[in-house]
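Please look through the sequence and the 3D structure shown here before reading on. The paragraphs that follow lead you through them step by step.

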Amino acid sequence: MTEPKPILRTHGLRREFVTAKPLFGAAQVVRAVDGVDLEIAEGETFAIVGESGCGKSTLARLLVRLIAPTGGEVWYGGTNIADLDEGAMRALRRELQFIFQDPFSSLNPRMSVGALIEEPLGAHGIGTSQERKARVAELLTRVGLRPDHADRYPHEFSGGQRQRIGIARALASGPKVVIGDEPVSALDVSIQAQVVNILEDLKEEFGLTLVIIAHDLAVIRHMADRVAVMYLGEIVETGTADALFARPRHPYTEALLAAIPIARTGARRASAHIEGDLPNPIAPPSGCRFHTRCRYATEICRTDHPRLTGSGAGQVACHHSDTLALTGLADADTDRPAAAKARFALYRDAQARKAKETTEP
Amino acid sequence: MTAIPESMARPRSRFWRKLRANPSAILGGLLVAFFVLVALAAPLLPVPGPAETDWLAVRKPPSAAHLFGTDEIGRDVLSRMIWGAQASLLAGVVSVLIAVVLGVPLGVISGYRRGWTDAAISRFTEALLAAPFLILAIALAAFLGPSLRNAMIAIGLAAMPVFIRIARAQTMSVMTEDYVESARAIGLRHLPLITRYILPNIFPPILVQATLTIATAIIAEASLSFLGLGQQPPAPSWGSMLNTAKNFLEQAPWMAMWPGIGIFLVVLGFNLLGDGLRDALDPRDI
C-alpha cells in the first residue's frame, strides 16, 4: 500500500474526567483516553474496537471535538482542531460529521424528518430553500426512505429507519469525514447488515473517510480497511483488517477474535480467553494494562509499560508480540467441507454475473 | 421557525385524548372557561355598572333586583363580581406571563451556560426564594406603589424564581440528551439550538407550572387588593370587595360570600386544569 496522506491524525490525545473532587486533596480522575496516536488515511474505513468502557466513544467525540481534549492534538488536514476557536470549529463541522449510537435518542422528537435533515444545510448556509428541499428528498431516497417521509416525525419510524435518517442528516452538508459511534449496535442484528451496506455504498458514492467505533468485531470485519484495538484508553494494536483478523499480534486482539461466534458445523466455539471485567480505569494496572487478564503475562508485563511500536501498516504494544503465535480467524473458506465450498463458489459466480448485468445493460 | 408548532401536531392528539379522559381536568377547564367568558362579556351583560350607587338599596340581601345583593354604598354585588373577574383573571394571567417571560430565559441561560453565569443566576434565584412568595409580592407592590398594574408586576417578579428553577433544571436535563449533542455535531449556533432543541422540549412542565401559578397569582392579587395594594377603588376586584366586606360580616355576609366563592372556584378551576395538563403531558404513561 502506498502511503496515502492522512486526513485525520491525533498525537498524544488525552481526555480525563473528574469523577470526584474532594474539598482537600487531589481530584480523582479517569483517564478515558490516554495518549492516543492515530493516522486515518483519506478515503479509508477505519475501525476502532474495544469492549465497553475502554474509551472508544470518548475518542470518537474527541476526533470531532464534541468534547474537548485534556491534552494532545487532533489534526484535520493542516488544522489542529484541538485548539480551534468556537466559530472556526463550527464552520469546520460541515466537513466532519458524526453518526450516533442510539437512533431513538439522537433525533429531536419535536422536529420533522425533513427539518432534521435540512438543518445542517441551514446551519452552514448551503443552498436556497428550494435547493435544500430537493437535497432532503434526494438524501431520503439515497438512504432508502421516501421523499414524502420528510413530513413525518422520528417516533413514526423503526430503529433501522431512524438510523438511516441519522445517516442522511450526517451526510447532508457533504462531509469529508464521518465518525460513527457504534452506528449499528443499537439495532436488531437483521437490520445491522442493511445499515452497514448503506454506509458502505454512501462511502463510495460521496468519497467519505469513515471512522467506525464498534465493540463487535463481526460488524466491522468486512467493512474496515484498517482497525485499531483499544484497551483502557490506549491503542494496543493497529493493522489492516485482513492482517489483524488473520494474525493478531496482541493477546487482547486474539481474545476479542476468539469471542466471535462462527456459524458453521464443527467450528470452534466462541470462547472467553479473558475473564472478569475491565480493571478500574481510575487506577489502571501497572505495566501493561492488560496483564491482569492476559494469559501470556510474565514479570515484565507487570512492571514495564509497553509502547506502541511498528510501522504505519501495523503497530502493537506488547512485550511478547515477536515470540507469541496467536490465533486469528482463518479465512472462513479454508476449512469448509468440499460441498459447502462448491456451493459458495456457485453463489459467488451468480453474484458476479448479476453485478455485471446491472453495470452493463 | 415554523417547525415547532407543526412538530407538536402528533403528540398533541394523544395529549387531547388523555386530557378529555380526565373528568377533573374537564371540570377545571369548564370553570376557567366560564370565568373567562364572564369576564370578557362583562360589558354586554344586563347588570348595572360596577360603580353605580343606589342609595335606596344599601347593604340589601340578594333579591330579584340585585341577585347577589348590594354593598355598603348600594352597588350591585353581581356586577362588581363580573367586572372584578376581569381584574382577577387579568392579574393571574399577566403576572404569570411576566414570570414566564423573565424567568424561563434566565433559567435556560443558567442551565445552558453553566459555570459562573449559572452560579450568579442561581444565587439571585435563591435570594428571591428566601422570602415567602406573598411577603415578597407585598413588599414589591408596596415599593412600586398601589395599582393593579404594579400588583401584577410585583406578583410576576415574586413568581419568577420558580420558573427560573424549573427552566434551569429542565434545560440541564435536556442538555444531556443525544439529540442536543447531535445539534452541536452538525455545527448549529447557540440561538437555534436553544429555540429548536431546548425550548420545545422543556415547554410541557413550564405550561403545567404556569397554569398552577395562575391560581396562586389570583389569590395573591386578591390578597394585595385586600390590603389596598392592588385594584384601586372604585374599580372592583374580588380582593378589594373582601376587604370592604370584612367590616360588614354580620350585617351583610353576602358581600364577603360571593367574592370568596368566586376566588375559590376560579382557583380550583386552574388547579384542576393544571393537574390535568400535568398528567396529560406526562410521557411516562401513554
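Which residues of chain B does the UniProt annotation "transmembrane region" cover? According to that record, which is an unreviewed entry, the annotation covers residues 89–112, 124–144, 150–167, 206–229 and 256–274 of chain B; UniProt positions are given here in the numbering used for this structure, feature names are shortened, and annotations may be inferred rather than shown by experiment. Please keep in mind that this is a predicted model, in which local features need pLDDT of at least 70 and side-chain atom pairs count only at pLDDT 80 or more, while totals for chains, interfaces and linings use all residues. Residues are numbered from 1 along each chain as its sequence is written, and chains are lettered from A and ligands numbered from 1 in the order in which they are written.

Chain B has 11 helices and zero strands, where helices (H or I, at least four residues) and strands (E, at least two) are DSSP runs, numbered from the N terminus. Taken along the principal axes, the C-alpha atoms of chain B fill a box of roughly 75 × 45 × 30 Å. Of the 286 residues in chain B, 45% are buried, a residue being called buried if 20 or more other C-beta atoms lie within 10 Å of its own, exposed if 12 or fewer, and partly exposed in between, with C-beta atoms placed from the backbone. Among the contacts in chain B with a separation of 6 or more, 71% join residues 24 or more positions apart; two residues are in contact if their C-beta atoms, placed from the backbone, lie within 7 Å.

Where chain B touches chain A, the contact takes 20 residues from chain B and 25 residues from chain A. On the side of chain B, helix 1 (3–7), helix 8 (178–185) and helix 9 (190–226) each supply at least two residues, and the largest share, six residues, comes from helix 8 of chain B. By class, this side of chain B has nine nonpolar, four polar and seven charged residues, if Ala, Val, Leu, Ile, Met, Phe, Trp, Tyr, Cys and Pro count as nonpolar, Asp, Glu, Lys and Arg as charged, and the others, Gly among them, as polar.

Chain A is divided into domain 1 (1–95 + 180–330) and domain 2 (107–174), with bounds that come from an automatic or database domain assignment. The contact between these domains takes 11 residues from domain 1 of chain A and 11 residues from domain 2 of chain A, and the side of domain 1 that touches domain 2 has nine nonpolar, one polar and one charged residues.

Chain A also holds an open sheet of four strands in the order 2-1-4-5, with antiparallel pairing, where two strands pair if DSSP finds at least two bridges between them. Strand 2 (28–41) and strand 5 (79–80) of chain A stand at the edges with a single partner strand each, so one side of each is left without a neighbour in the sheet. Strand 1 (residues 6–20) of chain A is joined to strand 2 of chain A by 11 bridges, and Leu13(A) has Val36(A) in strand 2 of chain A as its bridge partner.

Elsewhere in chain A, strand 3 has five of its five residues buried: Thr45(A), Ala47(A) and Val49(A) lie on one side, and Phe46(A) and Ile48(A) on the other. Strand 3 of chain A runs parallel to strand 8 (residues 209–214) of chain A, with five bridges joining them, and also parallel to strand 9 of chain A, with four bridges. Phe46(A) has Val211(A) as its bridge partner in strand 8 of chain A, and stands opposite Arg226(A) in strand 9 of chain A.

Why is helix 9 (residues 251–258) of chain A largely enclosed by the rest of the structure? Seven of its eight residues are buried, so the rest of the structure largely encloses helix 9 of chain A. Its buried residues, including Tyr252(A) and Leu256(A), pack against strand 3 (45–49), helix 7 (217–221), strand 9 (226–231), strand 10 (234–240) and helix 8 (241–246) of chain A.
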